[in-house]
Amino acid sequence: MHLTREEERILQGEFGEGTQKAMELLVAIGDAYNAEKMIPISRAHAASSGQEGDLYFVELLANGGARCKVPTSTNPVYDIEYFDELFEIPKDEADVARRVMEAYKRVGAILSWSCIPYMAENIPFYGETVAFSESSATPYVNSVIGARTNREAAQSALAAGVISKTPEYGLHFKENRKGTHLISVEASLKDEFDYTLLGYCVGKQIGYGIPVLTGISKRPSTEDLINFCAMSNVSGAISMFHISGFTVEASTVEEAFQGDVSKDRITVSEHELKQAYDELQTTSGKIDFVMLGCPHYTLRQLEETARLLNGKKIHDGVSFWVCTSATTKVLAERNGYVSTIEKAGGHVVVDTCIDEPCWIAYKRKVGMTDSPKCAYYRRFKEARVERLRDCVEAAVKGR
Amino acid sequence: MTMMNSEIKLKCHKIIGGYGEGEALVSNEPVCFYLTEPKTGIVREKNHELAGKSLAGKVLVFPSGKASSVVQIDGLFKLAQNNVAPKALIVKDVETVLVVSAFIVKVPLVDKLEKDPFEVVHTGDFVKVDAEKGIVTVTRSSL
């Protein structure tokens, strides 16, 4: 890979050890993909995880004096004091999380602790080159917004944020953004849970690639698209997709394939959605808790949760959690949704995710969620995956 | 009977630099470092061709990594902390997550051997990976 004089100097350590390490990683990635050069990025999202590999790298950069040069948001970790009071977090786990959060602050990241930063804290625009990790955020910014990012790891995204560059490869090039599989959707998609099942089906069917969805006649909502992104990356690795007629690089099927339309067609009908639904259930038994907000709930989903819980009481034997971002919670409080959910006995919790060690108390419990991604992490023993309104009903009835 | 050693030198492409040597362990299936026993390096993924075998100290030859970035990186990191990570990685299809994983634990990572590594390298061969020089040396002892 060709490096400019300035890039060489960073690599030699002239600007400190932190930026040197960041550059070393980017150069290695460039070498892996035979990139010819580095290109500027204007924002990044680091899928911080509060785990040890994450800690090692962010401390390496922070201790070496590196600072993010472009807006670089962060994924959920957890509020240590809040969860320690509830569940008693083991000291070594809490120390890792504390050090991770502190190091991201020192490196100058946006402490969003959100998995949907493109909704508020760090929004790319069409055509912008960015470095977004988080398997659900990568396809969203590529497909829905039309920004350009490769599938990044937390560390490569952070390194790109620090250097404000990334090696040029993969989805940066228009020709690599064309569809690879044609998916004919013959199911009627009524709500975002149907998009959850659709995403799960498509990821499972093609594994890896750029699916082009046809047959969808109603404009997908923000939540439909968020769920499709998240769930297609539970069962597969989908960094980009097109919905003919709706997503930005797919006004037609021909455009989505850049003229080279796939001859093969995979059909997803009600039958496949039902099959996916059945496959996701690991139990039909009594639930101990409901966990919503994977990915983080939007304001609209908090409104719906509040509406469904209004005037009701969650059963004594069930804990009810909704995960969202700190910014969304502020608005939800203002609109009265949080108080309605809390009056019913639920909790709206920010900055965290089911995949964090803070949920230690649920390890041997049975959970209900509207998210296969939430169930997939196996932070709890058994899972039932249902629509939001069925989750609320089960929480109220206690079964 | 005399022991014959056959030695082959192959050019390769450096991704993460450094030097590592050890016994070869060849996997035709993608490898997830998270699905190993962190204290021993033993693969505990059911139905994997390496199930029950240890990655510790080996030169791992494999087609690609798999699984989410968080688990893959954390998996290799834990092996390295317990000193049971592979000594070098020879891969066919490399992607970002694997580069980050190898970078963090400072294990040499190479690809594009001048001959197909799955034909040239066999489990049990002794392999030296000099990523800096871009040379892989494979030694097979036969009676």
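**Figure 1. The interface between chain B and chain A.** In this predicted model, 22 residues of chain B are in contact with 22 residues of chain A. The two chains bury about 1,800 Å² between them. Carbon and sulfur atoms give 63% of that area. On the chain B side, B:Val70, B:Thr96 and B:Phe103 lose the most area to chain A. Together they make up 31% of what that side buries. Seven residue pairs are in polar contact across the interface, both residues at pLDDT 80 or more. The count of salt bridges between chain B and chain A is zero.

**Figure 2. The side of chain B that touches chain A.** Three elements of chain B each give two or more residues to this side: strand 2 (13-16), helix 1 (69-81) and helix 2 (96-105). Helix 1 of chain B supplies the largest share, seven residues. By residue type, the side divides into 11 nonpolar, four polar and seven charged.

**Figure 3. The open sheet 8-7-6-9 of chain A.** Four strands of chain A form an open sheet in the order 8-7-6-9. Their pairing is parallel. Strands of a sheet pair through backbone hydrogen bonds, either parallel or antiparallel. The edges are strand 8 (242-243) and strand 9 (265-268) of chain A, each pairing on one side only. Strand 7 (residues 211-214) of chain A pairs with strand 8 of chain A in the parallel sense, over two bridges. A:Leu213 stands opposite A:Ile243 in strand 8 of chain A.

**Figure 4. Strand 13 of chain A and its partners.** Strand 13 of chain A runs parallel to strand 10 (residues 289-297) of chain A, joined by three bridges. Here A:Val290 stands opposite A:Met368 in strand 13. Strand 13 of chain A also runs parallel to strand 14 (residues 382-385) of chain A, joined by four bridges. A:Val366 has A:Glu382 in strand 14 of chain A as its bridge partner. In a regular strand the side chains alternate between the two faces of the sheet. Both faces of strand 13 of chain A are covered. A:Val366 and A:Met368 are buried on one side, A:Gly367 and A:Thr369 on the other.

Figure 5. The peptide bond from A:Cys294 to A:Pro295 is cis. Its omega is near -5 degrees. A:Pro295 lies in strand 10 of chain A.

**Figure 6. A:Asp355 in its loop.** A:Asp355 lies in the loop between strand 12 (347-350) and strand 13 (366-369) of chain A. A:Asp355 counts as buried because its relative accessibility is 15%, under the 20% limit. Leaving aside neighbours within four places in sequence, A:Asp355 is in contact with A:Gln51, A:Tyr377 and A:Arg379.

**Figure 7. Salt bridges in chain A.** Side chains of opposite charge can pair when their charged atoms come close. The count over all chains is 30 salt bridges. One of them joins A:Glu14 to A:Arg9, with the closest N and O atoms 2.7 Å apart. A:Arg9 is partly exposed, at a relative accessible area of 34%. A:Glu81, A:Lys91, A:Asp95 and A:Arg98 are linked in a network of salt bridges.

**Figure 8. Salt bridges in chain B.** B:Asp116 forms a salt bridge with B:Lys92, the closest N and O atoms being 3.7 Å apart. B:Asp116 lies in the loop between strand 6 (109-111) and helix 3 (117-120) of chain B, and B:Lys92 in the loop between strand 5 (88-91) and helix 2 of chain B, so the pair ties together parts that are 24 residues apart in sequence. B:Asp116 is partly exposed, with a relative accessible area of 27%. B:Lys92 is partly exposed too, with 43%. Elsewhere, B:Glu37 forms a salt bridge with B:Arg44, with the closest N and O atoms 4.0 Å apart. B:Glu37 is partly exposed, at a relative accessible area of 33%. B:Arg44 also counts as partly exposed, at 46%.

Figure 9. A:Gln258 has phi near 50 degrees, a positive value in a residue other than glycine. A:Gln258 sits in the loop between helix 10 (253-256) and strand 9 of chain A. Its relative accessible area is 31%, so A:Gln258 is partly exposed. B:Asn47 has phi near 70 degrees, again positive in a residue other than glycine. B:Asn47 sits in the loop between strand 3 (19-26) and strand 4 (59-62) of chain B. B:Asn47 is exposed, with a relative accessible area of 77%.

Key:
Residues are numbered from 1 along each chain as its sequence is written. Chains are lettered from A and ligands numbered from 1 in the order in which they are written. Side-chain values use heavy atoms; hydrogens and water are left out. Contact means heavy atoms within 4.5 Å. Buried area is the accessible area (1.4 Å probe) that two parts lose on being put together, summed over both. A salt bridge is a side-chain nitrogen of Lys or Arg within 4 Å of a carboxyl oxygen of Asp or Glu. A polar contact is a pair of N or O atoms within 3.5 Å; within protein, one must be able to donate a hydrogen and the other to accept it, and residues adjacent in sequence count only if both atoms are side-chain atoms. Ala, Val, Leu, Ile, Met, Phe, Trp, Tyr, Cys and Pro count as nonpolar, Asp, Glu, Lys and Arg as charged, and the others, Gly among them, as polar. Buried means under 20% relative accessible area, exposed over 50%, partly exposed in between (1.4 Å probe, protein chains only). Two strands pair if DSSP finds at least two bridges between them.
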